[in-house]
Amino acid sequence: MALASTSVLAVAAQAAPIKEADRAELIRRVDARQPQLSDAAMKIWDYAELGYMETKSSALLKDQLTAAGFTVTAGVAGEPTAFMASFKTGPGPVVAVLAEYDALPGLAQAASPEKTPLPGRDAGHGCGHNLFGAASVNGAIALKEWMVAHGVKGELRVYGTPAEEGGSGKVYMVREGLFKDVDIAIHWHPGDANSAAQAPSQANLSGKFRFHGISSHAAASPSKGRSALDGVEIMDVATNFLREHVPDGTRIHYVITNGGKAPNVVPDFAEVYYYVRHVDPKIVREVWDRVENAAKGAALATGTTVDWEITGGVYSMLPNDTLGHAMDANLRRVGGEQWTAEETAFATKLAATLPGGGGDLASVKTVGAYDRGSWISGGSTDVSDVSWNVPTVGLVTATFVPGSPGHSWQNAAAAGTTIGVKGAVVAAKSIALTGADVFSDPKLIASAKAELKQRQGANFVYKPLLGDRSPPLDYRKNTGAE
C-alpha cells in the first residue's frame, strides 16, 4: 500500500459559513456546560482507568449523553467499555465526534507542580484523555442543542472509544462497520499548544512476546533449567542491533513485563512488550516481521519456545486540509487560553521541572499557524484508521504546560487542574463550531470526501494491521505464570 502524498492539496471553494450569531450561540452553549465538562473531566482523572477497563469513565459519559437525549448503545464492537450515542433530527449528514477516556500505567500523580506520586495507585492521565472524553461529549451536547433550536437536520453521533493507548479500540469499531455511513469525523487531543494543523502520524504494530522455558534451582541444578528470561534478553539484544538496519524514521521500543520472580529460580516464563512505528504502514509490517525473527532466533539460542500476540495495530493519520482549514478558522474564532495568576504560578513552578525550563507560557494565548509542511507527528493513534475510511479532522489545545513531554507526570498533573479544563473548553467550542459548519454546508462535505478519495490513492482497500483478532481486553492486565 502506497502512502498518500503529504503535500498540501488545493482546498476547494466552500459555501458561506454559518452566521456569526450561530457561532456566538454555540460558544455560549459550551460555556453553559462548563460545569458538567469540568465535573466529568475531574472524575475521570480520578478514576484513571486503563484500556478496556474504563467502566466508571464510560458510564459517566454515557449518563451525560443519555440525560441530554442521545440514544446510547453500549458494548459495541465487542468492547464492553465502548459505546455509540446517536441523536437524529431527520435525514441529513452523519457527523461523528470521537471521545477517549483511558489512562496510562505508571503515571499516578497528584495535581501538583512537583512530582508527587499517589500512594496505592498506578495509572494516571498522562495523555489527558480525561479531558478528551469530557470535552467531546459536552461539545457534542452543545451542538445537539443548537441543532434542535434551529431545526437542523441530520444525525450527530458520539463514539466512546476505549483503549486508545495501545489497545486500538477504534480499529475494531471501523472493522465492524460502525463508521460506514458517517460523513465526517471530528476529534481533538490535549497538548501544550493550540493548533488545527493536520499532519500524518506514525503507523504502528504492538504485541507481547512470551517465552517458555524450564524452571530449576539456579545454583544447585542450573543445567536442568532453560531460562525464559534469557530468551527475552537475547531477543532484545538482537532487536537493538536491528536498529542500524531499518529505514530512517523507524521507532522500536519495548518493556519487559515479566522477568521471573526470584534470582535463584530459573524463570520458566518471561514476557516482553514491543512497539514498532513508522509513518508508512508497509514498513511497519516489514520491520515487525524482522522482530518476530529475532524472537525465533532467541528461542533457538536458549532452548526455549516463544509465541506472540499482536495486541494493537494502527495506520498513520490521513490529513484532510479541506476540513483542517474549517477547523482552523473556528479555533481562531475561539482563541487560546487565558490563565489566572494562580494558574500561571502553577505552570511556572511545573515548568522548572522541565528540561530547559519548558516553553513560552504566553504561547497558550495564541493559535499556531496552519502549516503542515513536512511535519510528521511522532506518536500514533487509532483515530488514523478512522481517517482512512471517513474524512476526519482534529485539533490540539493547550491543556498542558508548554514544553511538557507526552506521557509524563507533568501532563498528568496539569490534566487534573483548571489549566487542563480551560484547554478542554477551547476544544469543545471548536468541535461544536466545526460540527455546525458540516451540518450547514454540503459543499464542505463533498470537498472533504473528494480529498479523502485522492489521498487514499487508486484501488485502496482498507485492511486492519491487527488482522481479524478480537479486541485484546486483557492487554493491560498482568500475564504469565505464577
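Reader: Does Phe439 count as buried or exposed, and at what relative accessibility?

Author: The general idea is a pair of cut-offs: buried means under 20% relative accessible area, exposed means over 50%, and partly exposed lies in between, with a 1.4 Å probe and protein chains only. Phe439 has a relative accessibility of 8% and therefore counts as buried. This is a predicted model, in which local features need pLDDT of at least 70 and side-chain atom pairs count only at pLDDT 80 or more, while totals for chains, interfaces and linings use all residues. Residues are numbered from 1 along each chain as its sequence is written, and side-chain values use heavy atoms, with hydrogens and water left out.

Reader: In which helix is Phe439 found?

Author: Helices (H or I, at least four residues) and strands (E, at least two) are DSSP runs, numbered from the N terminus. Phe439 belongs to helix α12, the helix that covers residues 418–440.

Reader: Which residues does Phe439 touch, not counting residues up to four places away in sequence?

Author: Contact means heavy atoms within 4.5 Å. With residues up to four places away in sequence not counted, Phe439 touches Pro93, Val95, Leu143, Met147, Val152, Lys153, Gly154, Glu155 and Leu156. As a separate reading of distance, the C-alpha atoms of Phe439 and Leu131 are 25 Å apart, and 308 residues separate the two along the chain.

Reader: Which backbone oxygen lies 3.0 Å from a polar atom of the side chain of Ser430?

Author: The backbone oxygen is that of Val426. Ser430 is itself in helix α12 and counts as buried because its relative accessibility is 0%. Beyond its neighbours within four places in sequence, Ser430 is in contact with Met327, Asn330, Leu331, Val334 and Leu395.

Reader: What does Ala427 touch, not counting residues up to four places away in sequence?

Author: Ala427 touches Trp188 and Thr397 on that count. Ala427 is found in helix α12 and is buried, with a relative accessible area of 0%. Lys208 is 219 residues from Ala427 in sequence and 35 Å from it in space, C-alpha to C-alpha.

Reader: Where is Asp382 found?

Author: Asp382 sits in the loop between α9 (341–351) and α10 (383–387). Asp382 touches Glu100, Pro162, Ala163, Glu164, Ser168, Gly169, Lys170, Val171 and Val314, residues up to four places away in sequence not being counted.

Reader: What is the phi of Asn459?

Author: Asn459 has a positive phi of about 65°, although it is not a glycine. Asn459 lies in the segment after α13 (442–456) and counts as exposed at 76% relative accessibility. His407, another residue other than glycine, has a positive phi near 55°. His407 is placed in the loop between β10 (392–398) and α11 (409–415), and it counts as partly exposed at 42% relative accessibility.

Reader: How many helices and strands does the chain have?

Author: The chain has 13 helices and 10 strands. The radius of gyration is taken over C-alpha atoms, and the globule rule is 2.2 Å times the number of residues to the power 0.38. The radius of gyration of the chain is 23 Å, close to the 23 Å that the rule gives for 482 residues, so the chain is as compact as a globular protein of that length. Along its principal axes the C-alpha trace spans about 80 × 55 × 40 Å. Of the 482 residues, 58% count as buried.

Reader: Among contacts between residues at least 6 apart in sequence, what share joins residues at least 24 apart?

Author: That share is 84% in this chain.

Key: Polar contact = N/O pair within 3.5 Å; in protein donor to acceptor, adjacent residues only side chain to side chain.
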